[in-house]
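Here's a quick briefing to read alongside the model.

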Amino acid sequence: QVQLKESGGGLVQPGGSLRLSCAASGRIFRIIAMGWYRQTPGKQRELVAVITSGGSLNYADSVKGRFTISSDNAKNTVYLQMNSLKPEDTALYYCNLEQRNSGILYNSWGQGTQVTVSS
């Protein structure tokens, strides 16, 4: 079983910054990608940013130019630097890990960390 420990959420004013971290531990085989998703009440979970093991990046259009995803492969940790935060960024942010073992893809999710952008 994989454990994803998220940290860094909180309350911030519009225009402020936060940095989320997610450390993976447990039964980790070959990581394909790690990323961040977010969800607000009544809406589907949506992609925020993903980084693959090869370093490819993918961002939601709404966060391009403001958020930066990075990883420390030695520590199985992914980060999300969020700048110029807006009230519409308020959501529960989930860490995701996609890995492969014996040809089978596995997805793991963290518990979520709340980000609230409000004055």
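A word on accessibility before anything else: buried means under 20% relative accessible area, exposed means over 50%, and partly exposed is in between, with a 1.4 Å probe and protein chains only. At 37% relative accessibility, Trp109 therefore counts as partly exposed. Keep in mind that this is a predicted model, where local features need pLDDT of at least 70 and side-chain atom pairs count only at pLDDT 80 or more, while totals for chains, interfaces and linings use all residues. Residues are numbered from 1 along each chain as its sequence is written, and side-chain values use heavy atoms, with hydrogens and water left out.

- Strands here are DSSP runs of E with at least two residues, and helices are runs of H or I with at least four, numbered from the N terminus.
- Two strands pair if DSSP finds at least two bridges between them.
- Strand β3 (residues 18-26) pairs with β8 in the antiparallel sense over six bridges, and Ser21 stands opposite Tyr79 in β8.

**Strand β9 and its partners**

- β4 and β9 are an antiparallel pair with nine bridges, and Met34 stands opposite Leu97 in β9.
- Strand β9 (residues 91-101) also runs antiparallel to strand β10 (residues 104-109), joined by six bridges.
- Leu97 turns up here too, with Ser108 as its bridge partner in β10.
- The hairpin of β9 and β10 has two residues between the strands, and Ser102 takes a positive phi near 55 degrees there.
- Three bridges join β9 to β11, again antiparallel, with Tyr93 opposite Thr113 in β11.

**The disulfide**

- A disulfide is taken as a pair of cysteine sulfur atoms within 2.5 Å, and by this rule the count comes to one.
- Cys22 and Cys95 form it, with their sulfur atoms 2.0 Å apart.
- The link is left-handed, with -85 degrees about the S-S bond.
- Cys22 sits in strand β3 and Cys95 in strand β9, so the pair ties together parts that are 73 residues apart in sequence.
- Cys22 counts as buried because its relative accessibility is 0%, and Cys95 is buried at 0% as well.

**The nonpolar core**

- A nonpolar core is a set of buried Ala, Val, Leu, Ile, Met, Phe, Trp, Tyr and Cys residues joined through side-chain atoms within 4.5 Å.
- The largest one has 28 residues, and Met34, Trp36, Leu80, Met82 and Tyr93 touch the most other members.
- Elements that give two or more residues to this core are β1, β3, β4 (30-39), β5 (46-52), β7, β8, β9 and β11 (113-117).
- Contact means heavy atoms within 4.5 Å; leaving aside neighbours within four places in sequence, Met34's contacts include Leu4, Cys22, Ile69, Val78, Cys95 and Leu97.
- Val78 lies in strand β8 (residues 77-82) and counts as buried because its relative accessibility is 0%.
- With neighbours within four places in sequence again left out, Val78 is in contact with residues including Cys22, Met34, Trp36, Ile51 and Cys95.

**The aromatic pair**

- Rings of Phe, Tyr and Trp (its six-membered ring) pair if their centres lie within 6.5 Å; planes under 30 degrees apart count as stacked, over 60 as edge-to-face and the rest as tilted.
- A search of the whole structure finds one such pair.
- The rings of Tyr37 and Trp109 have centres 5.0 Å apart and planes at 70 degrees, so the pair is edge-to-face.
- Tyr37 lies in strand β4 and Trp109 in strand β10, so the pair ties together parts that are 72 residues apart in sequence.
- As for Trp109 and Val78, their C-alpha atoms are separated by 13 Å, with the two residues 31 apart along the chain.
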